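Here is a structure to look at, with some questions about how its parts come by their names.

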Amino acid sequence: MDIHEAQNEFTKRLSEDRLIASIKDPKSLDHFLESSIQSAFLLTGNISVIKRYVDLLKQHNRFVFLHIEKIPGISYDREGLKFIAKYVKPTGIVTTKSSLIQLAKKEGLLTIQRLFLVDTDAVKNGLLAVNDIQPHALEIMPALIPEMISKIKRETNLPIITGGLIRNQEHIDSALQSGALAVSTGKPWLWKRQVVTVAQSELTS
């Protein structure tokens, strides 16, 4: 599967699930594999075990994105990205660093830029960067500012993922109704509930 096919398939899976599992500890790997969600952000592990985690999830036909800044032992440079692409072989990466987006794209990885809505300048400068670099998707945090999700969706053509501070199903629904393609959450009890909610909404639409 080339990068364009992978991007199309990832977007298709997100439109079906509307949820991404943020895996923050090894025990959550099992919870994720018991769910029907097809995509995960890995925020746990280190350089010695991360390939084993990625291989496990890919064996179950899941899309796996490494949050680079959360994986100890991997350098934030060209050699680090080459190691990830050639040895670990995830679907892609999540990062706050625009420079890593550029390097990862050159290595054939899907890329998700994480943008924190700290203040007006952060949003303005972040949008300038992502519209210039064009990651494959944009994750904005925290998710509990629905009007900002709508605003950012109008100002970029990128698929919008949002996460952070999600505590219940109502938070997820609000983010999706505001224009997010998908919501990321590390709460395993929400992974199964969201699948049911989406299925019910499709039946009634």
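Q: Which residue is the bridge partner of Thr95 in β5?
A: The partner of Thr95 is Gln113 in β5. This is a predicted model, in which local features need pLDDT of at least 70, side-chain atom pairs count only at pLDDT 80 or more, and totals for chains, interfaces and linings use all residues. Residues are numbered from 1 along each chain as its sequence is written, and side-chain values use heavy atoms, with hydrogens and water left out.

Q: Why are β4 and β5 called paired strands?
A: Strands are DSSP runs of E with at least two residues, and helices are runs of H or I with at least four, both numbered from the N terminus. Two strands pair if DSSP finds at least two bridges between them; four bridges join β4 (residues 92-95) to β5 (residues 110-116), so the two count as paired, and they run parallel.

Q: What do the eight strands close into, and in which order?
A: They close into a barrel in the order β1-β2-β3-β4-β5-β6-β7-β8, with parallel pairing.

Q: What makes the residues around the second largest pocket count as nonpolar, polar or charged?
A: Ala, Val, Leu, Ile, Met, Phe, Trp, Tyr, Cys and Pro count as nonpolar, Asp, Glu, Lys and Arg as charged, and the others, Gly among them, as polar. By that rule the lining has five nonpolar, six polar and six charged residues. β5, β6 (137-141) and β8 (182-185) each supply at least two residues of this lining.
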